Amino acid sequence: AARAVSGKTRVVPAKEQRPPVFACPEEALQAVRRRGWISGRGHNVLVHMEAGYPSKQWNPARFRELIGRLANRGSAVTLIGIKADGPCGDARAQDLRGKTGLLELCGLIAQADLLIGNDSAPAHVAEALGTPCVVLFSAANEPARWRPVGDKVRLLFHSVPCSPCESRKCLRPTHECMDAIAVDAVAALAEEILQAKKERVV
């Protein structure tokens with residue numbers, strides 16, 4: 001069952017248990033390793049700040065705060081995406097926005113310990129490759145229909161009366177469904193996943 005983290009914001013658990021759908025091509029893994037994009041220290045965390053349209057996007061300033069927190073805990077943070085739209089928020093983060101093709105993107109996701117991002121393509125790729133991911137899911141779409149499935153997927157979702165609006169841009173005075181998702185909630189969920197992963201390795 002979903003668990004509340006703050007008000008109407010809740011963590012939506014895994015929809016089903018299933019093995020990875022795809023195996024990442026060795027060529028993709030090697031391409032990333034050759035470029036030195038995967039750190040050998042700490043957890044490798046990918047952050048994807050983009051979305052298909054504004055109504056599905058978490059505030060970039062909150063992403064930047066989250067990146068700082070992840071770096072403070074010793075994680076190796078890498079930004080992925082089509083273009084570098086604004087600063088990444090922390091000089092310790094590796095900014096690969098606009099620098100990868102699909103092959104390298106798959107290689108990065110396959111070797112990451114966690115991906116955090118909006119409801120967008122990389123989250124579905126992570127689910128298919130078996131990489132844990134935290135998806136910040138807006139109320140623009142119905143989670144039961146459009147969410148990535150799988151036992152390594154966690155959704156943060158804030159319920160609002162206008163959901164699902166299916167609008168490209170929020171039509172309300174405030175973007176409540178995304179603004180209500182707090183940095184604390186995302187950071188706590190990321191920590192929970194990374195600590196569990198660490199415990200399994202040890």
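Hi everyone. Let me start with a definition: a disulfide is a pair of cysteine sulfur atoms within 2.5 Å. With that in mind, and remembering that this is a predicted model, how many disulfides does a search of the whole structure find? The search comes back with zero. Take Cys24, which is in no disulfide: the nearest cysteine sulfur belongs to Cys106 and sits 5.6 Å away. Cys24 has a relative accessibility of 16%, so it counts as buried. Cys133 counts as buried too, because its relative accessibility is 0%.

H3, residues 102-111, packs against H4, residues 121-129, at an angle of about 60°, and their axes are 9 Å apart. That angle is why H3 counts as oblique to H4. As for handedness, H3 and H4 make a right-handed crossing.

Which residues meet there? From H3 we have Cys106, Ile109 and Ala110, and from H4 we have Pro122, Val125, Ala126 and Leu129. Sorted by class, this contact has seven nonpolar residues, no polar ones and no charged ones. For the spacing, recall that an α-helix has 3.6 residues a turn, so residues three or four places apart point the same way.

Thanks, everyone!

Definitions and conventions
Residues are numbered from 1 along each chain as its sequence is written. This is a predicted model: local features need pLDDT of at least 70, side-chain atom pairs count only at pLDDT 80 or more; totals for chains, interfaces and linings use all residues. Side-chain values use heavy atoms; hydrogens and water are left out. Axes are lines fitted to C-alpha atoms, for helices over the stretch in contact, and angles run from 0 to 180 degrees between N-to-C directions. Helices (H or I, at least four residues) and strands (E, at least two) are DSSP runs, numbered from the N terminus. Angles under 35 degrees count as roughly parallel, over 145 as roughly antiparallel, 65 to 115 as roughly perpendicular and the rest as oblique. A crossing is left-handed if the near helix is turned anticlockwise from the far one by less than a right angle, and right-handed if clockwise. Contact means heavy atoms within 4.5 Å. Ala, Val, Leu, Ile, Met, Phe, Trp, Tyr, Cys and Pro count as nonpolar, Asp, Glu, Lys and Arg as charged, and the others, Gly among them, as polar. Buried means under 20% relative accessible area, exposed over 50%, partly exposed in between (1.4 Å probe, protein chains only).
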